[in-house]
Amino acid sequence: MQRNGIELDDFTLGSVISSCANLASLEEGAQFHCQALVSGLISFITVSNALITLYGNCGSMEDSYQLFVEMNTRDEVSWIALLIGYAQFGKANETIDLFEGMLAIGLKPDGVTFIGTWDYTYP
């Protein structure tokens, strides 16, 4: 794309990072994280959410949490991505704390939230 002069946008970069997340490909995903920083696309919620998911799927919960904390704006996807990452890697206390944080700011969990955390917490 870039060789052909096509500009990278937040949706394209978010999709590529999501693909890396689905493959749990940390090395490639980290390269796209760098690209997001250099290009400024890290400020888009689609890119940040994809990165939270990437690091969560790869077990790098410190990086996932750091991205979450640094976000200017979070949506339900941001919270759920981090929540499922914690649950997936057996971080029960962090999962519960984050879930309570979600509730405290008025976010209502949906079926995806319950199924995602339940599947990992109670296999």
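Reply: Rings of Phe, Tyr and Trp (for Trp, the six-membered ring) count as a pair if their centres lie within 6.5 Å; planes under 30 degrees apart are stacked, over 60 edge-to-face, and the rest tilted. This is a predicted model, in which local features need pLDDT of at least 70 and side-chain atom pairs pLDDT 80 or more, while totals for chains, interfaces and linings use all residues. Residues are numbered from 1 along each chain as its sequence is written, and side-chain values use heavy atoms, without hydrogens or water.

The structure holds one aromatic pair. Helices here are DSSP runs of H or I with at least four residues, numbered from the N terminus.

Helix α5, residues 76–88, also packs with α3, at an angle of about 5 degrees and with the axes 8 Å apart. Because of that angle, α3 counts as roughly parallel to α5 (under 35 degrees; over 145 is roughly antiparallel, 65 to 115 roughly perpendicular, the rest oblique). Axes are lines fitted to C-alpha atoms over the stretch in contact, and angles run from 0 to 180 degrees between N-to-C directions.

In this contact (heavy atoms within 4.5 Å), α3 contributes Ile45, Asn49, Ile52, Thr53, Gly56 and Asn57. From α5 come Val77, Ser78, Ala81, Leu82, Gly85 and Gln88. By class, the contact has five nonpolar and seven polar residues, and no charged ones. Nonpolar covers Ala, Val, Leu, Ile, Met, Phe, Trp, Tyr, Cys and Pro; charged covers Asp, Glu, Lys and Arg; the others, Gly among them, are polar.

Notes
Helix = DSSP H or I, 4+ residues; strand = E, 2+ residues; numbered from the N terminus.
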